[in-house]
Amino acid sequence: MKRLKKKWNLSGGYVRRIGPDIPLLQQIYSEYASTFNGMLVRDEAWWRQRVLTKKYQIAATFNRQDEPEGYIIYDVTSNIFTIKEWAYVNVQAQKQLLHFIANHDSMADKVELTVPERDNLPLLLDEPRFEQKLTPYFMARIVDVQQFLQEYPFQDEGGLTLVVSDEFFPENSGTYQLDIAAGQTTVNMDEQGNDTQAIHCSIQLLTCMLLNFRRPKDYYQAELITGELEAIERLEKLIPNRQTFLSDFF
């Protein structure tokens, strides 16, 4: 808690406690979630049954125009400020929330929260050395490769061929020819295929790459995927460089 007591150079706005205002929370959460891979799309029932429990309090940040930009769901018990969840749309809102937490130093001397692996919190503190634990949480699997590739938000245009192997569900194994243009992806699947420019990978590594757990070049350098370097670099450009994170526990 002491590390949060600093001059945050806030540009205005304010924080106030609110009730379970689902539309307001959903607005902020949706924008926050869009910056990550793997976040859950929530509906009202999920908010009521899984997120907004009676134990926790809620506070929201507002800018000078009274527009909501962040929220925190928290509890203070036994000198511990426990953050169940927070979300923000910009760094000023994040600083407002940190300032709000720091103002509870008379009630708590310790803060506990879960953040993404590459969270920027240590960059914002004058003394970034504090206890951090890296905990693996969820596993992911692509069930239908062709459908997943067609709906995936590739960030560039072009063509690419992937040869995917899936020992558990052989129907996914095959050659996938991707044509990405104007935000739409066309995928043609061939159980055989003989494209010498193709990238060869298992479905496990395809999942890791598309969720951006690690970049394609990392797996290429470790000789876990194969293909022409030009094709690997093309795949690098196609995959958005966003963190993988899931704040919901179920």
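A search of the whole structure finds zero disulfides, a disulfide being a pair of cysteine sulfur atoms within 2.5 Å. Cys201 is in no disulfide, and the nearest cysteine sulfur, that of Cys208, is 10 Å away. Cys208 is likewise in no disulfide, with the sulfur of Cys201 the nearest at 10 Å. The structure is a predicted model, in which local features need pLDDT of at least 70 and side-chain atom pairs count only at pLDDT 80 or more, while totals for chains, interfaces and linings use all residues. Residues are numbered from 1 along each chain as its sequence is written, and side-chain values use heavy atoms, with hydrogens and water left out.

| Residue | Relative accessible area | Class |
|---|---|---|
| Cys201 | 5% | buried |
| Cys208 | 24% | partly exposed |
| Met189 | 28% | partly exposed |
| Leu235 | 3% | buried |

**The four-stranded sheet**

Helices (H or I, at least four residues) and strands (E, at least two) are DSSP runs, numbered from the N terminus. Two strands pair if DSSP finds at least two bridges between them. Four strands form an open sheet with mixed pairing, in the order β8-β7-β6-β9. Its edge strands are β8 (184-190) and β9, each of which pairs on one side only. From one strand to the next, the twist averages 25°; axes are lines fitted to C-alpha atoms, for helices over the stretch in contact, and angles run from 0 to 180 degrees between N-to-C directions.

Strand β7 (residues 174-181) pairs with β8 in the antiparallel sense over seven bridges. Within β8, Val187 is the bridge partner of Leu178. Helix α6 (residues 203-210) touches β6 and β9, and its direction makes about 105° with that of β9. Helix α8 (residues 229-238) touches β6, β7 and β9, and its direction makes about 105° with that of β6.

Strand β6 (residues 158-165) runs parallel to β9, and four bridges join them. Val164 has Cys201 as its bridge partner in β9.

Leu235 is found in helix α8. Not counting residues up to four places away in sequence, Leu235 touches Leu160, Ile199, Met209 and Pro216. Leu235 and Gly174 are 61 residues apart in sequence and 18 Å apart in space, C-alpha to C-alpha.

Met189 lies in strand β8. Leaving aside neighbours within four places in sequence, Met189 is in contact with Gln146, Glu171, Asn172, Ser173, Gly174, Thr175 and Tyr176. The C-alpha atoms of Met189 and Asn37 are separated by 25 Å, with the two residues 152 apart along the chain.

**The five-stranded sheet**

Five strands form another open sheet with mixed pairing, in the order β1-β2-β3-β4-β5. At its edges stand β1 (14-18) and β5 (110-112), each with a single partner strand, so one side of each is left without a neighbour in the sheet. The twist averages 30° from one strand to the next.

Strand β4 (residues 80-88) pairs with β5 in the parallel sense over three bridges. Thr82 stands opposite Glu112 in β5. Helix α3 (residues 91-102) packs on the sheet and touches β1, β2, β3, β4 and β5, its direction making about 165° with that of β4. Helix α1 (residues 22-33) lies across β1, β2 (57-62), β3 (68-77) and β4, running at about 105° to β3.

**Aromatic rings**

The structure holds 11 aromatic pairs. Rings of Phe, Tyr and Trp (its six-membered ring) pair if their centres lie within 6.5 Å; planes under 30 degrees apart count as stacked, over 60 as edge-to-face and the rest as tilted. One of the pairs is Tyr32 and Phe36, which is edge-to-face at 5.1 Å centre to centre, with 65° between the planes. Both Tyr32 and Phe36 are buried. Tyr32, Phe36, Trp86, Tyr88 and Phe245 form one aromatic cluster.

A charge sits over a ring if NZ of Lys or CZ of Arg is within 6 Å of the ring centre and within 35 degrees of the ring normal. Lys6 lies over the face of Trp8, at 4.7 Å from the ring centre. Arg42 lies over the face of Tyr29, at 3.9 Å from the ring centre.

How values were computed:
Buried < 20%, exposed > 50% of the residue type's maximum accessible area, 1.4 Å probe, protein only. Contact = heavy atoms within 4.5 Å.
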